[in-house]
Amino acid sequence: MNSSEIPILRLGKVLLAGLSNELDDKTALRFADELSHQVSAIGAEAVVLDITKLEIIDSFAARILVEIATMARLLGARVVLAGMRYPVAITLVELGLDLPGVETALSVEHAMDKLAPPGGSRVG
Amino acid sequence: MSDRKLVKNGQVCSLPIRAEDDLLTARHAVRAAALQAGFGLVGQTKLITAASELVRNCYVHGGGGDLVIEHLSPPPRAGLRLTISDDGPGITDPAKALVDGFSTGPGLGHGLGGAKRLVHEFHLETEPGKGTTVVITRWAG
Ligand SMILES: Nc1ncnc2c1ncn2[C@@H]1O[C@H](COP(=O)(O)OP(=O)(O)OP(=O)(O)O)[C@@H](O)[C@H]1O
Ligand SMILES: [Mg+2]
């Protein structure tokens with residue numbers, strides 16, 4: 001099912017994907033494909049990308065992340081980037097890449113809270 | 001300020017950039033060197049990211065080349081100097097290529113200018129038809 005090496009978990013209408021410490025070009029491209037397939041297959045309302053472990057985001061990886069967010073939005077889903085490491089954030093700012101259209105959250109937990117409807121039951 | 005008195009401590013490592021997998025190998029080598037040189041988390045991340053940009057440019061735009069990693073140790077500072085070179089098509093207008101948003105490919109065009117901002121010293125030498133060499137230096141700590 002999941003042909004990329006990044007595990008994609010389904011929690012109701014939310015997809016949760018955990019990226020590892022390294023994101024190489026091929027894996028990133030395969031992951032973007034697989035994720036868009038799954039978003040449309042289950043009619044996902046949101047995608048949470050757990051990047052807690054990701055140590056480097058260069059301009060290539062940034063472009064893929066923005067493409068994933070754009071693609072998901074076109075399919076009607078929100079994308080939340082959760083748990084960015086602070087050296088990665090500092091580096092992205094210096095690269096001049098602010099990931100337009102990508103929501104962020106401090107952690108996966110914060111991302112899930114963000115997605116939960118106010119006062120309603122938790123998503124997932 | 002000037003790096004005239006730089007002393008190399010003799011540790012030099014050269015890596016070929018010929019295939020896509022070499023991008024990852026190069027990143028690993030720079031990380032290992034940065035750890036050895038005593039870089040902090042932020043400095044390490046900045047240097048590896050800059051290297052990633054330049055090595056990818058070397059592979060994608062320059063048709064492949066080499067990465068040379070040198071340890072610099074003018075006491076009390078430690079640093080790393082990376083030289084990324086190719087004998088590809090070169091860059092016709094280097095000033096333009098350094099501007100954010102300029103790309104001759106599908107990229108965002110932030111690689112070259114971004115790499116420059118992520119290091120302490122940046123030298124670009126390029127000649128159309130001959131190739132491109134970028135030398136970057138970042139100090140630890
Ligand atoms: N080693 C090289 N040889 C030839 N041309 C190069 C080289 N490095 C950069 N360039 C030229 O400079 C331009 C800008 O490079 P830069 O890295 O900023 O952007 P990019 O590689 O196109 O996109 P990205 O944001 O994904 O890095 C490139 O599009 C290319 O035309
Ligand atoms: Mg580039």
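**Note on ring contacts and helix packing**

1. Over all chains the count of aromatic pairs comes to zero, where rings of Phe, Tyr and Trp (its six-membered ring) pair if their centres lie within 6.5 Å. This is a predicted model, in which local features need pLDDT of at least 70 and side-chain atom pairs count only at pLDDT 80 or more, while totals for chains, interfaces and linings use all residues. Residues are numbered from 1 along each chain as its sequence is written, chains are lettered from A in the order in which they are written, and side-chain values use heavy atoms, without hydrogens and water.

2. The ring of B:Trp139 has the charged end of B:Arg77 over it, 4.2 Å from the ring centre (for Arg, CZ within 6 Å of the centre and within 35 degrees of the ring normal).

3. In chain B, helix 1 (residues 21-36) packs with helix 2 (residues 41-60) at about 150°, the axes being 9 Å apart. That makes helix 1 of chain B roughly antiparallel to helix 2 of chain B (an angle over 145 degrees). The contact of helix 1 of chain B with helix 2 of chain B has 10 nonpolar, two polar and three charged residues.

4. In chain A, the axes of helix 1 (residues 25-42) and helix 2 (residues 59-74) come within 10 Å and cross at roughly 5°. Helix 1 and helix 2 of chain A are therefore roughly parallel (under 35 degrees).

Conventions: Phe/Tyr/Trp six-rings, centres within 6.5 Å; stacked < 30°, edge-to-face > 60°. Axes fitted to C-alpha atoms, helices over the stretch in contact; angles between N-to-C directions. Helix = DSSP H or I, 4+ residues; strand = E, 2+ residues; numbered from the N terminus. Parallel < 35°, antiparallel > 145°, perpendicular 65-115°, else oblique. Nonpolar A, V, L, I, M, F, W, Y, C, P; charged D, E, K, R; others polar.
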